[in-house]
Amino acid sequence: MGDPILQIDDLHVSYKVYEGRLRVLNGVALHVERGQRVGLVGEAGCGKTTTMRCVLRILQSPPGRITGGAIRYRGTNLLRVSQGELQRIRGSGISMIFQDPVAALNPVFTIGDQVCAVIRHGTHKRLTRAEIRRRALGALREVQLPDPDRMFASYPVQLSGGMRQRVCIAMALATEPEVMIADEPTTALDVTIQAQVLWLLDRLVQDHETAVVFITHSLGVVREMSDWVYVMYAGTIVEGAETNELFERPLHPYTLGLLSALPKLTGGGIAKGIPGRIPDYLNPPTGCRFSPRCPNAMRVCDQERPIWTRVGDTPAHEVACFLYGGEGV
Amino acid sequence: MIGVNGLTVQAKKRRWEGFRKAWYKFSRNPVSVVGLVFVLGVSFLAVFAPLVSPYPNHAGPYVNFAIGSKPPSLSHPFGTDAFGRDILSRVFFGFRYSLMMGAVVLALVVIPGVVLGLIAGYYQGTRIDTIIMRITDIFLAVPPLILALAITSVLTPSVLNAMMAVSLMWWPWYTRLVYGLASSLRHEFFVQSAEVIGASRFHILFRELLPNCVSAIFTKMSLDMGWVILIGSALSFVGLGAQPPIPDLGTMVADGAKYLPDQWWIAIFPAFAIMVTVLGFNLLGDGFRDLFALEEI
Amino acid sequence: MKREILVVDGLQKFFVTSRGTVRAVDRVSFSVREGETLGLVGESGSGKSTVAYTVIGLHAPTGGRILFNSQDMSTSIWKRSRALKRSIQIVFQDPGTSLNPRRTVQQILELPLKVHRVGTARERKARTVELLRKVELPEDYLYKAPHMLGGGERQMVAIARALATDPRLILLDEPTSALDVSIQAKIINMLLGFQNEMELAYLFITHDLSLMRNVATRVAIMYLGKICETAPTEEFFRNPLHPYTQMLLSSIPVVSKEEEAMRPARIISKGEIPSPVNVPPGCGFHTRCVVCATRCSTDQPVMVEVEDGHFVSCLSFPPPSDVQQLPVN
């Protein structure tokens with residue numbers, strides 16, 4: 001277990017709106033080891049994309065603002081580095097794949113231009129044009145795109161969704177980053193194409209030994225694509241465990257609610273789901289943010305925030321819930 | 001809230017909250033507020049010109065060569081022109097003609113233009129679309145100022161004829177604008193829902209599509225005020241619009257041009273007045289766009 | 001046996017574009033019974049949404065017939081009677097654009113009532129309140145505009161609008177695809193409740209087979225404009241016959257070992273989904289089929305009843321009386 005390559009500590013983010021400030025992230029903490037595949041799962045509005053935008057400092061500010069915490073990449077706090085240092089880290093240290101491949105690729109440049117641009121900016125030593133092109137073709141070949149030479153000269157609009165996403169993956173891995181953040185990379189794709197792309201992504205990530213943070217709202221996908229899963233709710237991480245452990249022994253009431261609300265291939269109907277709505281970020285509940293909807297809520301849940309507690313070692317399992325300690329050491 | 005009375009109170013509260021929110025959205029851009037101030041100022045002066053002008057009778061036929069061509073002073077802050085007329089008062093009255101020009105043209109042009117655009121957009125791809133848009137294209141192909149010049153030179157030059165001419169070449173822009181919006185919205189699910197429910201075409205055009213075009217229309221109207229005033233002034237400048245002694249700003253600039261640079265105030269102040277008016281409407285137009293924007297949750 | 005409320009017979013819908021003729025729906029036949037749900041499953045280009053839009057009348061069919069309660073309605077919506085428009089409604093996929101952003105919820109709910117002249121103004125107002133209550137939304141939502149509502153709430157308004165005229169059949173085009181798991185659970189349970197209460201028939205379109213398992217009475221799978229397989233739900237999942245069905249089922253990410261056991265072994269598809277402009281000759285699926293034989297690129301499969309109610313369209317399942325028609329390999 002060495003030092004984590006990426007570590008987020010107590011991150012707080014708020015957004016300014018007409019009515020006041022939305023306290024979106026409320027002390028997010030997670031870490032990623034070298035080469036580890038970490039899944040970050042949560043529903044819409046829980047703050048997972050916001051968290052990852054903070055890592056690369058691409059949060060829209062205003063109205064967003066980081067009001068506390070640290071994000072350490074190889075020990076350096078990314079929130080405090082200079083723009084120049086950040087530019088160097090983006091792309092070659094940490095890269096990102098976005099949900100919508102249509103929006104992520106510039107429609108007026110060829111695929112080749114865009115992949116080469118990524119390699120040119122992301123590699124520290126000076127490379128010749130021929131070398132850049134060679135690497136770009138290699139990257140396209142690696143993601144199993146048919147006929148890479150023709151692809152090189154094509155425009156994004158000529159490609160299907162699955163192919164475009166593969167180009168984005170190629171771009172994200174071309175500079176050999178140590179961490180790749182994938183934000184819902186397959187949500188916009190068809191089921192069979194999604195299976196293809198995920199299989200490819202998994203293989204590549206293992207080949208390159210890249211650490212991955214895989215963000216999704218799909219529990220099924222996160223189960224296939226990660227070694228460790230964090231569950232996020234309303235701006236906090238509520239549970240984290242090795243993947244199999246999380247699905248076999250979910251602890252947090254929110255995780256339980258989510259799993260029971262999923263339609264199962266085995267049938268049996270769908271449970272009622274979790275009553276209530278996500279909290280109002282303008283006036284979030286003091287104490288545990290899930291307590292208004294929690295079937296096991298106790299009085300302390302409304303008053304104090306549960307502390308992140310380790311409840312299992314092998315397999316590892318951590319949770320922030322008063323049902324399992326949470327009062328702190 | 002049950003009960004008719006309870007609902008009315010709620011409705012009033014909602015409307016008030018709506019206005020406050022609208023003001024917040026609008027005022028977030030201070031430049032729009034500046035625009036609003038300019039427009040309100042000009043409008044006030046235009047409406048109350050007879051009351052606030054120091055020499056209201058100078059707006060008509062008035063001659064007093066004794067005080068002619070005097071530079072700006074305390075009694076005549078904008079100076080006097082060659083006929084001895086107070087330029088400040090004439091500028092205030094000039095605002096009237098400018099605003100009237102803009103308002104009349106837009107009133108004539110917006111409704112037909114928008115309606116044609118809605119119909120063409122909804123029936124996009126059919127013969128109706130082709131007919132309407134080709135006619136629009138023909139009008140758009142003629143250079144606007146040339147058309148206006150041609151019309152006014154054939155008819156007797158006057159403010160009214162200038163407005164007619166400008167209207168005739170202005171409507172296609174609204175049709176184009178609304179056509180673009182309507183034809184893309186036409187395939188949205190909410191329009192298709194209305195069709196599936198069985199709503200009439202009238203409802204779809206005016207209650208589903210039109211409300212979504214309002215923002216663009218108002219923004220354009222505000223920017224257009226500036227343009228119409230400029231074109232009206234241009235027509236007057238070449239003598240095809242308002243005729244002397246009407247204190248039209250464009251005419252005043254034309255007359256004053258002869259006296260540059262010695263008696264600069266005769267041309268410069270009216271020109272400045274045109275600038276303030278047009279600028280005000282332009283800035284206001286930006287504000288309209290913010291005003292109508294849908295806020296996120 | 002409940003009676004058939006919707007019968008679709010040999011439905012065809014072609015679009016002529018600059019790139020060629022899009023055979024979006026190519027001879028599709030199915031029926032829906034009162035109080036039951038037919039699930040229509042497929043990926044991009046399958047034609048499932050086009051089927052729904054043609055049934056509801058947004059497109060006029062190119063060929064084939066659509067019968068509602070034995071009444072022929074194979075025309076576009078503008079040529080249909082008012083009574084028909086009351087009886088069949090649709091809920092669209094994207095809650096973001098299915099409600100007019102410039103209208104209030106009240107205006108949106110009142111439209112169907114106004115169009116069909118239900119009651120006086122006061123009665124209509126009362127009915128809108130009642131509709132909101134039915135979908136468990138508070139009364140003050142009447143005065144909100146759609147952008148003030150969350151995705152799930154907007155979809156609930158869309159459902160309330162569909163229920164306004166007491167329809168007998170509702171088409172649901174991916175009603176929960178854009179929504180979170182817990183909201184999906186709530187909406188699905190609500191829809192099932194309405195179905196029970198009002199003997200509603202649903203044509204439920206989705207790509208999510210796990211959801212289909214829990215919602216549909218019968219399932220039909222579409223690929224490139226044709227139905228590949230159709231069967232009662234239990235039978236469909238217990239014994240998937242068509243190679244495409246098996247590929248689809250094997251691609252779904254699941255969250256438990258029991259579900260994994262239910263899935264066929266993983267079949268990673270090769271290549272992209274063809275566009276319906278260029279439907280491959282012979283069997284449309286042959287380019288990606290793992291059991292593709294030579295004849296599959298030339299011969300058209302026919303729909304064969306393999307077991308009671310279980311139909312497959314694949315050359316591996318030849319019609320019993322026509323064996324001699326197949327070319328010898």
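1. Helices and strands here are DSSP runs, a helix having at least four residues and a strand at least two. On that basis chain C of this predicted model holds 10 helices and 12 strands.

2. Chain C has a radius of gyration of 21 Å, close to the 20 Å given by the globule rule for 329 residues, so chain C is as compact as a globular protein of that length. Along the principal axes, its C-alpha atoms fill a box of roughly 75 × 50 × 45 Å.

3. Of the 329 residues in chain C, 48% are buried. Among chain C contacts between residues at least 6 apart in sequence, 62% join residues at least 24 apart.

4. The contact between chains C and A takes 32 residues from chain C and 36 residues from chain A. On the chain C side, the elements giving two or more residues are helices H6 (181–198), H7 (209–215), H9 (243–251) and H10 (257–262) of chain C. H6(C) supplies the largest share, six residues. By class, this side of chain C has 15 nonpolar, nine polar and eight charged residues.

5. In chain B, the axes of helix H10 (residues 214–237) and helix H12 (residues 265–292) come within 8 Å and cross at roughly 175°. Angles over 145 degrees count as roughly antiparallel, and H10(B) is therefore roughly antiparallel to H12(B).

6. Residues of H10(B) that meet H12(B) include Phe218(B), Leu223(B), Met225(B), Ile229(B) and Leu230(B). Among their counterparts in H12(B) are Ile274(B), Val278(B), Phe281(B), Phe288(B) and Arg289(B). The contact of H10(B) with H12(B) has 12 nonpolar, eight polar and one charged residues.

How values were computed:
Residues are numbered from 1 along each chain as its sequence is written. Chains are lettered from A and ligands numbered from 1 in the order in which they are written. This is a predicted model: local features need pLDDT of at least 70, side-chain atom pairs count only at pLDDT 80 or more; totals for chains, interfaces and linings use all residues. The radius of gyration is taken over C-alpha atoms; the globule rule is 2.2 Å times the number of residues to the power 0.38. A residue is buried if 20 or more other C-beta atoms lie within 10 Å of its own, exposed if 12 or fewer, and partly exposed in between; C-beta atoms are placed from the backbone. Two residues are in contact if their C-beta atoms, placed from the backbone, lie within 7 Å. Ala, Val, Leu, Ile, Met, Phe, Trp, Tyr, Cys and Pro count as nonpolar, Asp, Glu, Lys and Arg as charged, and the others, Gly among them, as polar. Axes are lines fitted to C-alpha atoms, for helices over the stretch in contact, and angles run from 0 to 180 degrees between N-to-C directions. Angles under 35 degrees count as roughly parallel, over 145 as roughly antiparallel, 65 to 115 as roughly perpendicular and the rest as oblique.
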